[in-house]
Each structure stands twice: as structure tokens, then as C-alpha cells.
Amino acid sequence: QMWGYAYANANLISLALSLFLNGTLAVVVFMRRKAVANYRRFFYVYCVLGVLFSIGQYIAAPFFWSQRGLIVVVAASKDSLNSQWMVVGLFLWFSSFMLISLLVAASFVYRHA
């Protein structure tokens, strides 16, 4: 029981930290437009996806369980009373996770190809 509340608090802290740091990064990129000319939109997309990831993490609070090639992800939020919100949160979390992974791969291909 105590672990669930600590996990929910950690997710809330993670969301607040993500909003603050991504907002700060967006302001810095906006102020230094000429220094990061071509990467400006790339940074903005990273900022938005990072915030969406944190929102999905807070709503769904995904819990992982793995064993011998099987990975199970379950929305384990204690705050959400509506199961549809947990589905939306899990979808938001997973889709932003995949998009961030694709952007990281695309940035490596762009810079090193």
C-alpha cells in the first residue's frame, strides 16, 4: 500500500519537473533562435513529447512485469477512478515513448549519415 503512494508521488514530482525543465528548455531555445537555427523545431518536438510522456506517466502510472521474453505493462494508477482515463494515459505514455525513441534514432541517422 505504501509503495503505491510513493510511486504516485514520484509520478507527480516527475510531471512537475518535466513541465519546469521542458518549459525552461523551450524558452532558452526561443531566446537563442540563431544559435540553434535548424534544430529549433526538433527541440520543441522533444519538449512537447517529454511533457506528454510525463502526463501519460502520471495518469496511468504504468507498472512493468517481465519474465522469460514476456513483458506486461499494466496501468496501475490509484488516483484514477475512471478506467478510460487509465487507457488514455497508457496510450499517451506508450505512444510518446515510441515517438521519442524514433526521434532519437532519426537524429542519429541525420547527424551521422
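**Aromatic rings, notebook**

I started with Phe-53, Trp-93 and Phe-97, which form one aromatic cluster. I'm working on a predicted model, where local features need pLDDT of at least 70, side-chain atom pairs count only at pLDDT 80 or more, and totals for chains, interfaces and linings use all residues. Residues are numbered from 1 along each chain as its sequence is written, and side-chain values use heavy atoms, with hydrogens and water left out.

Next I looked up the pairs. The structure holds four aromatic pairs. One of them is Phe-42 with Tyr-46, an edge-to-face pair at 4.9 Å centre to centre with 90° between the planes. My note on terms: rings of Phe, Tyr and Trp (its six-membered ring) pair if their centres lie within 6.5 Å, and planes under 30 degrees apart count as stacked, over 60 as edge-to-face and the rest as tilted.

Where do Phe-42 and Tyr-46 lie? I found both in helix 2 (residues 40-60), four residues apart, which is about one turn of the helix. Helices here are DSSP runs (H or I, at least four residues), numbered from the N terminus.

I then checked exposure (buried is under 20% relative accessible area, exposed over 50%, partly exposed in between, with a 1.4 Å probe and protein chains only). Phe-42 is partly exposed at 23%, and Tyr-46 is partly exposed at 22%.

Phe-53 lies in helix 2 and Phe-97 in helix 3 (residues 83-112), so the pair ties together parts 44 residues apart in sequence. Phe-53 is partly exposed at 24%, and Phe-97 is partly exposed at 39%.

Conventions: Helix = DSSP H or I, 4+ residues; strand = E, 2+ residues; numbered from the N terminus.
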